[in-house]
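Subject: Handover of a structure

Dear colleague,

Please find below the structure that I am passing on to you.

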Amino acid sequence: MKGFSHFMSGVAVASFGPWAIEAALRGNPTYFILGGACGILPDTLDFKFYRFFYKHDVYVEPDPKHPDPQAVADQIARAVEMGIREHRYIKLKLSSIRLGADFWQQYLVNFDNEAGEVTVKFGSVVNTGQVPVEGTADRYPEVGRAKIGARVIQTYDAALKVDIFDGPTIGLAPRDDGDFDLEFLPWHREWSHALTMGLFLGILWALACLCFKAWDAAWQGFVTIAGCYAVHVVEDQLGHMGSNLFYPFTRKRTEGLHWMHSGDGMANFLAVWISCLLIFWNLYRLQPAMTYHFTFVHLMMVGLVIPGAIFWGLRKLLTWGDGKSQTPDAPADDADDDWNEMKASS
Amino acid sequence: MSKKEALPGHETQSDEMNCPSCGRFVGAVTKCPYCGAKVSKRMSLTATRWAAVLLATVGLFLLYLMAKNREIPVVQLGKIEPTWNFGLVRVEGTVATDARPFKSGRGMSFNVDDGTGRMVVFITERQMEALKERNLVPKAGDKIAFDAQLNISDDKSNLKLSGMKTFVLERAPADAVRIGDLDVKFSGKTVTIVGQTVALKPPAENTNQPWKLTLSDGTGETEVSFWPAEYAQLANPAELERSGTWVRARVDVGKYQNQVQLKLGSGKDLEILPEAPEIPGPYLSPAEKAAEKAAEKVAAKVAEKKVKPAEAAEPAAAPAPKRDFSRGRLVSAEVEPIASVTADRKGQKVKIAGAVVFVGEKKGNQPVSVIVKDEAGGSIYVKYFDDVAAELAAAPAKGDSVTVEGVVDAWNGKASILLQDAAKWVKVGKAPAPARKAAAKKAPAAAGRTGVLGAPRDLAGKGVAYAFKEGDAELDLVIWNDSVPGLPELAEGMTVRVEGAREGEYEGKAQLKTGKFTRITVVE
Amino acid sequence: MSSFFVVLASVVAGTVVSGLLACLPGLHVYNVMGALVLGILSLESSGVAIPPDVFLPAMTGMVVGWSMINTIPSVLLGTPDESALFTVLPGQKYLMSGRGYEGTMITALGSLAGAYFLVLVVAPCAPVYLPVCQQVLKGHMHWVLWIIITFMIMSEWPKGGNRGRAGWAKFYDAWKTLLAGLATFILAGLLGFILLTRSPVSHEVAFQNIMPAFVGLFAVPWCLLNIISAADVPKQRITKSLDMNGDIILRSVWSGGLGGGIAAYFPIVTGGVGGMLAGHACAQREERIFIMGQGVSKFIYYVGAFMFLFVPGLNLTRGGGAWMVKTLHTPMGMGDYYMVLGCIAISAALSYLMMSPLARGTLWLIDRINYRHASTLALGIILVMVFAVTGWIGMFIAAVATGVGLLPVLFGSRRLNCLGILLLPIACNMSGFGEVITAWMGLT
């Protein structure tokens, strides 16, 4: 899911703790801040810290002045050979090619297991919004090809498209049969998206509070941190990539449920909006001296069901009889949407 | 890349965007990430960066010093302009009303008067605790000077206390009074008493009773009450448990069931004395004191033989007329009769005075409605919303004598007053219970009343109501169908005499209600 | 003259005046309204009273007109310099591909859709539901600001660190922009503490305490950047069609309405922050929806905040415009509310009709007059305004704020961080420890 959805989910989880609301009424915002921060923390740890320290075995850095798809294909094949030879996990970095303040040379990497080769094609020049620049699609019509000695199995439907900002990292994990599993962004969710990580951070908080003899803050903060951290992990499990849930007791990412793409607009909006409604409900329950009274069902009807029905109805009406009028969402990239979201946010 | 192959927008791209060594695009960096060569930048960009950093840091620091050391101007409340909104000013004046905590307990407010105007001052919870700690909670009559931020809008203005560093409070002199001289005439005043402890009675367990300290000074014995919060502020409470300890206390005098009640405002207002102090002499009222002083002056001047005794008396200084300024505009507010507040004055600001006769219940998002009636018999609804309710020191109660300032609203031809600022609701006392009203409930008014009939109004087919003008007063004469025996033909403009009708009130308007004992005769 | 015609003439006059002034880059409607308030008060003190029937519709027209027509300089005159800005907003992308007129009109269409939404949906619901929200959220506004601050800071992603081997050098390269962003936020926050607690500006014009800082943080850097920018605007095309459909309009209203609504309702949260939050919440990828949504968001933020002042029973003052009206007038019941709603509708329609000719006029001008000169003129105007209202002290404050406002532009971080000037001190005050900080700083 997008960062803001995780953030608001964290705040919503925090609002279920009555201590958070009581503290807020006394002017103390700590638990809500903790909730939001922990909701977004797993991705923060990966994208803003860990990835800069993640060491790669092979760096593919195409020359922006003379982009050569063959050279790129050869380097990728070299990485595969390294993996075959040394029978170990190989970390391969595909660097982006910057041409200007707002221009990047896009290239696509494809592992063709049928032909036993890796192909590289340089595509259009794109701007920072990933929109192709007119007339640049065929600047480099050649396709680079290099033979590889093993199959590279993509269990995750990642499209290896390299364009803006930081290029992706690929992990080649050797299998027993000699082939390799391709892991997209191996450094992502390696340890940061573990439920155990949330518990660990909660324990750190509790210990810090205990140093100041703040018993209540210790356990309340622990519950808030662990809970809000966990909600991010659970939400990400609804997607495709999955997470390493019990690091360090487990080593590999558990595959996601494939229920949604993290960039799905409606899913993200519903997550945010329902979080807001839950927060509102929790605030209402513990607000002293309320003169207005309503039930949870009433709140959901007024806040979600009725406006949602009106929106849906209007949308149907506005696009009635003309299928083309319904502007589709730009297709969610099959690659990891966290990665794309990070690039888009930059 | 040659100019011919330049990407859109890059045709005029500056060469400094590219590394001079390898020719690749590097952007605004000063070192090429590809080949490590130094990339020199356009002077304006480098200079702008340095200028920005210097302005943002050094400039900010200088601004901070300027702000920290600036002198806060002393202003007169009567001369405040709306453009001064958010301004930091210093006010020097007198505390007009005791500081009262908010219902939520998260702060307090008081009114300050500097002789040119009056304004409410808000204090935060932290400041309130600091004031209590230092025994500087403002009380009516204290001299005060403080820095505060102005908040001015069309309808209400207030000051927010800025900080404690420059807060100066000088307590109003509290007359030293013998315990034997204390009586109900001191009610509402603050006095200083000295006495020896006789007994200290703690509150009963699980009750909200106060502590009671009995003092005696040889002229009489009295009890001083204080709450656990004040007890906690006492310097040495154990001393009070010993009888015979001399103390000096500054107390507020109240009245309950015609008996004097003394309350200690703060534990720091009670001082344990090391030895017996001088007991003050018999109490003289301010007028008596002034007369005594004047007489002394006259005697002194006569003694100097410079003037005759008649010339020695100083003329009384005429007090400067005070203007009740409590908003951004310099508009004077005088109390008007409620009857003059009519629906056609909608939007105007008015000030009324009267007694609370009805307090409505809060329902949903409707405002609270209170009926205020003045001595002339006029009554009107006063309404206020939650934001005002939260700032009222105490909820309006039936019987309160108040002055109210607000904006006239109108609905269905009936006027009401919208109270928009809690400071404009000023309780001046408790009105004596009107004996007349009780009598009215028991029996119909025996006395007749003569007045001129106005236009009739149909009461949904069940009766008629006439406007009944009796002198300056106007009320409704309500006649239900078949209720008045021998009712003559009535019309607008007739002068009639009504006997045996009961006085009442409906929706803020006075009424004469007729019944089987009522007799109406046409006079002309 | 009948009240109806007085109101109509006033709202038209306000719309036309603000519409023309809105075309000047860097000039904010609140600056103009501030001058208007000063003028009205000055007239009243010399015995000439301006009735609310005149100034209320005029001010409504000014807010509505500006919020829509200000799109013109935002899109057409805000050309980014590629050596200073590495990312561009879609509106400016349109400009760089010669479609500036189209981008401007799409945004204006969003504003018009926002007007419909505000008058037909928000206005009837506000008196019923907003008081409930007020009561539920009472005492909780402070942490809402804190979580907005937290998200603003945590959601900024590093722009560098794309090249080189893993390690501290790469980490620092990435974090340079983030550190610049943090520094901007903290410096702006400190500036806010100073100005909100003990501003050096004379108390007689204290109602414009913060204006020099806002000018320095946002307007001056924008103008300066335009002046020193090396990029040229390509030839612009005037399109006859906007290629819109109801679905895009609906989704734009949805995302922009959410962002603008958050910004209008919550104190201190400005349109930019609201837009950022809504953009993240609604996750719309389509560029046209984004551009149109910006128009909706901006309109609802400015006009919605102004409108809340008049909602009966709500007593909510949001936005500089509402605060300025409050110094002159106390809204009274449904009459004022309906009048303002009517003025919003008329002004929105008139503003939209003015958009096309004004946009074309601006394009004609920038074809003939270098846009740098227009920015120089705008810079001159706003500096004169700062000096006229707040004097040399105000100019100094503007200069310091310019330094802070240039940091994100020159070091690649988010300009939103400049909003720390209000967010940080007010969040601290609302939480109750602002006075501790100002006491520690020696300001109180």
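Domain bounds here come from an automatic or database domain assignment. The model itself is predicted. For chain B, that assignment gives domain 1 (178-272), domain 2 (338-433) and domain 3 (438-522). Taken over C-alpha atoms, the centres of domain 1 of chain B and domain 2 of chain B are separated by 37 Å.

I turn next to the contact between chain A and chain C. On the side of chain A, 57 residues are in contact with 49 residues of chain C. Helix 1, helix 2 (18-25), helix 3 (30-48), helix 7, helix 8 (296-318) and helix 9 (337-345) of chain A each supply at least two residues of the side that touches chain C. Helix 3 of chain A gives the largest share of that side, with eight residues. Sorted by class, the side of chain A that touches chain C holds 28 nonpolar, 22 polar and seven charged residues.

One element of chain C also deserves a description. Helix 11 of chain C (residues 271-282) has twelve residues, and from its first C-alpha to its last it reaches 16 Å, close to the 16 Å expected at 1.5 Å a residue. This helix is mostly covered, with twelve of its twelve residues buried; among them are Gly271(C), Met276(C), His280(C) and Cys282(C). What covers these buried residues includes helix 1 (3-15) and helix 7 (265-285) of chain A. From chain C, the cover includes helix 7 (141-154), helix 10 (246-265) and helix 12 (287-308).

With kind regards

Note on methods
Residues numbered from 1 in each chain as written. Chains lettered and ligands numbered in written order. Predicted model: local features only at pLDDT ≥ 70, side-chain atom pairs only at ≥ 80, totals over all residues. Helix = DSSP H or I, 4+ residues; strand = E, 2+ residues; numbered from the N terminus. Expected span 1.5 Å × (residues − 1). Buried ≥ 20, exposed ≤ 12 C-beta atoms within 10 Å, placed from the backbone. Contact = placed C-beta atoms within 7 Å. Nonpolar A, V, L, I, M, F, W, Y, C, P; charged D, E, K, R; others polar.
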